[in-house]
Amino acid sequence: MDFYLTTLVQGLCLSSIALGIYISMKIFNIPDITTDGSYTLGAVVTAILLTHHQPVYIILTAVIFGGGIAGAITGIIHTKLKINALLAGILVMTALYSVNLGLMGRSNIPLLNVSSLFTLINISADPNINTFWILVIFVVIITAIIGYLLKTDFGIAMRATGNSESMIRALGVNTDRMKITGLAIANALTALGGYLFCQVQGFTDISMGIGIVIIGLGSVIIAESIINWLRITSVWISLALVIMGAIIFQLVVAITLDIGVDPIYLKAVTAIFVLLIVSLPRISLKNSR
Amino acid sequence: MIDIKNVHKTFHTGKANQVNAVNGVTLHINSGEFVVIVGANGSGKTTLLDMVAGSVLPGSGNINIDGKDVTKLQDYKRSAWIARVFQNPVSGTASELSILDNFRLAAIRTQAKGLTIGINETFKNQVRERISTLGMGLENKIGQPMGTLSGGQRQALTLLMSVMDNCKILLLDEPTAALDPKSAQIVMKTADDLISHYRLTAILITHNLKDAFTYGNRLILMGEGQVAKDLDTAQKSLLKQNDLFDWFG
């Protein structure tokens, strides 16, 4: 039971990244690689401020701004310098590695004896269940905010930017600014993922972000497959499916480990799993024709 | 309304594939005029239209709209005056967004897109009412993604979207080129009705000489980046359809 609770907890932490990737995919239709760096940045900022005993609201603000700035830089490089979005993301991610290492001063900060978000509120006596409920509340709040945002006039314009750039420019939207804002929001969400995860696992490590974009991507692709399959148009259901995608993804990873696959091959298994989800709809389509 | 003064545009300057797309065009288009532009491929029609819209900025010359110099103004800033219908139905609408969402964006074309939810029952009814005028039965499908509709339906909706917000100028770049003859006819008829009903200043680019003959009150022939012929309402009314075919003979 504890095994699946841990999986659920991890899935909830990573659902914040999945929401971020969902937004950047909706705006660019390409994965934003900045994710690997901004996720670690969120965890690094959290670790430093937690060990300096800063209050929750300061840490949250710092994490959101940190991630937002990282995303905005990718956006500016992409739109103003006309550099491929994928490359722009890789550049910022690479630079963030040094930034993160510089901020920490070493490659690992333990967070075992500091008060975290999960010791702040006591819902249940069992620390694991307590963590679970706090995460549920946290993710519900983030989803509510993003869901509202996507339903506003601004949000509709944002969704249209990735869909038909010529149309949205003709309708008076500065697409450059929209992409920069969208990437900032996406990476702020990713950084929040790092904020949550480092407190759950009890440490921040410089290499914790490596390959995290694949997890976000996999979650969103799982969600997109279901969205397309069931022809879902509701923003709320779509967001709920993205979160579910993140949890399913973690479940697959957990089951992989449970059946005795050597953890060395975990990243390869996740990559193959993502490949499977991406290619399955195409393979089945080919057969039905 | 639109004042184009000695406008030039060259692509790939100094390279082997240099193109002088527009080569000194001066045009004055009055408010309420419906200008039809015809011309062979490469005659500079679309580049000229793009420069009015702002998606291409002129190399030299000036463009004024409503007395304001817009020569260096980006396309998204010109949306205060201009609505566009593109050749490709995909360019004028967002496929994954619902009809309603598309109309919401069009309804605030000249305004800021803020952090409030603008779609309410009043707005939905207004959209249904507008769409029902097309007689395509789309008024009951406003929650459907735009991508599920045919090209003709999408172009007709794009036209309706252009008058959802205050619109002075309507730019039509071969709006029927991708459509079957029947849809093309419906779209052209809708465009003509909207232009006269809202007294819009309009520019239509077309390769369909029958449309060029039937619609509009001014006809321009472009060739090699310049205005080759410019017929006002009186001259156009004297024109016979065969004369038009001879221009391209």
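Helix axes here are lines fitted to C-alpha atoms over the stretch in contact, with angles taken between N-to-C directions. The model shown in every view is predicted.

**View 1. Crossing of helix 1 and helix 10 in chain A.** The axis of helix 1 (residues 2-28) of chain A comes within 8 Å of the axis of helix 10 (residues 212-230) of chain A, and the two cross at roughly 75 degrees. Helix 1 of chain A is therefore roughly perpendicular to helix 10 of chain A, since angles of 65 to 115 degrees count as such. Helix 1 of chain A contributes Leu14(A), Ile17(A), Ala18(A), Gly20(A), Ile21(A), Tyr22(A) and Met25(A) to the contact, and helix 10 of chain A contributes Ile212(A), Ile215(A), Gly216(A), Leu217(A), Ser219(A) and Val220(A). By class, these residues are 10 nonpolar, 3 polar and no charged.

**View 2. Contact between chain A and chain B.** On the chain A side 19 residues are in contact with 29 residues of chain B. Helix 7 (153-161) and helix 8 (165-170) of chain A each supply at least two residues of the chain A side. The largest share, 6 residues, comes from helix 7 of chain A. The chain A side has 8 nonpolar, 7 polar and 4 charged residues.

**View 3. Strand 9 of chain B and its pairing with strand 3 and strand 10.** Strand 3 (residues 34-39) of chain B runs parallel to strand 9 (residues 218-223) of chain B, joined by 5 bridges. Strand 10 (residues 226-231) of chain B runs antiparallel to strand 9 of chain B, also with 5 bridges. Ile220(B) is the bridge partner of Ile37(B) and also pairs with Asp230(B) in strand 10 of chain B.

**View 4. Hairpin of strand 9 and strand 10 in chain B.** There are 2 residues between the strands, and Glu224(B) in the turn has a positive phi of about 50 degrees.

Methods. Residues numbered from 1 in each chain as written. Chains lettered and ligands numbered in written order. Predicted model: local features only at pLDDT ≥ 70, side-chain atom pairs only at ≥ 80, totals over all residues. Contact = placed C-beta atoms within 7 Å. Helix = DSSP H or I, 4+ residues; strand = E, 2+ residues; numbered from the N terminus. Nonpolar A, V, L, I, M, F, W, Y, C, P; charged D, E, K, R; others polar. Axes fitted to C-alpha atoms, helices over the stretch in contact; angles between N-to-C directions. Parallel < 35°, antiparallel > 145°, perpendicular 65-115°, else oblique. Pairing = 2+ DSSP bridges.
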